[in-house]
Amino acid sequence: MPALEGRLLSVAGFDGTRATVDWEVDRTLVTPVKGTDTLKKDRRSGRRGCVEKRLRELSAGAPSIDRTDVLGALAAADDHLGPGDGRHRIVVATDGLTNTGCADLRSVGFDGSDEIKATVERCRKAGELPDLAGAEVNLVGIGRAARGEAPSSPQTAWLATFWTQLCEATGASSCEAAATARVREAGKNTEAVKTEPEVTFPAVSEQPAGRVTTITLPGSVLFATDRAELSPSAQSTLDDAARRIKDLDPVSVAVFGHTDSRGSEQRGRELSLARADSVQAALTKRGVTVVSARGYSNDRPSCTPEYHDGVPDYAAMACNRRVEIAVTVRR
């Protein structure tokens, strides 16, 4: 709270549209605390408790619609604060998952930086990027939905990058998007939480069938679009895969790369094999012996169809971009 002293504070809840922003605290001056060090500490603690209580009350309210206009909330906050000298800060608590408008994640494949750039450009062309020049922006709680499992570290990192780049496109003087712990404990205030449509991230899966267990790794976690080099965020996923393989005490391990149907057949085969080779090399470094690596391009899709009346189904495409590890065990 000391950083706020001498500045104006506004607090509001928001949901689907800018019109629903209701400023519960409206440009209230946070006066400097005076007195002894002990008195200052007590008064600041009291202020902090008051603000936290108001924020908890706002977070418990049910939204009027099932998706959130985060960019609209940022625009509303900037409009409310008015022209600044670069010193005003906007803090928005949101999971960043279920969004309206150009930031809707249901049509993306969570596949590297190219999709993020495409979304930023789509928002720019749609005129949905607010002008936040001079504002410091903090987005907290990214990826931490009120219900369901939190996304993995690589997925949360993708979301944080997504929102950071959207924020930077607004011209804000600084942008920070980060995950924080859930405010609401599981099982509490569930009657006040309106069910939101889930945004499903690709996840590591393990499927046993007889002597063979197939471990599936999502391509969007391992690789950037049209690339076979493992991304930095892939390392924890590969660590997990290596542990799973060793726990199975395998007789043999084989790696198979798969792509979606975009691009030429030759490129699909080259890319899927190169990705399988990259995963094989990574597993070898982790003490796992891989006997073979093959690339199947889009010959063995896991999710179909990829197109509906000529319209691409990006979720199906993301599902098909994967690397499978076949682990054969003793009887």
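Q: How many salt bridges does a search of the whole structure find?
A: In this predicted model, the search of the whole structure finds 13 salt bridges.

Q: What makes the contact between E121 and R124 a salt bridge?
A: The closest N and O atoms of E121 and R124 are 3.5 Å apart, and a salt bridge requires a side-chain nitrogen of Lys or Arg within 4 Å of a carboxyl oxygen of Asp or Glu, so the pair qualifies. Both residues lie in helix α3, 3 residues apart, which is about one turn of the helix.

Q: Why is E121 called partly exposed?
A: Its relative accessibility is 34%, and partly exposed covers the range between the buried limit, under 20%, and the exposed limit, over 50%, so E121 counts as partly exposed. R124, at 44%, counts as partly exposed too.

Q: Which label does R286 receive, buried or exposed?
A: R286 has 18% relative accessibility and counts as buried, because buried means under 20%. Its side chain meets that of D239 in a salt bridge, at 2.7 Å from N to O. D239 lies in helix α6 and R286 in the loop between α7 and β9, so the pair ties together parts that are 47 residues apart in sequence.

Q: Why is R330 called exposed?
A: R330 has 55% relative accessibility, and exposed means over 50%, so R330 counts as exposed. The side chains of R330 and D249 meet in a salt bridge at 3.6 Å, N to O, which is within the 4 Å limit.

Note on methods
Residues numbered from 1 in each chain as written. Predicted model: local features only at pLDDT ≥ 70, side-chain atom pairs only at ≥ 80, totals over all residues. Heavy atoms only, no water. Helix = DSSP H or I, 4+ residues; strand = E, 2+ residues; numbered from the N terminus. Buried < 20%, exposed > 50% of the residue type's maximum accessible area, 1.4 Å probe, protein only.
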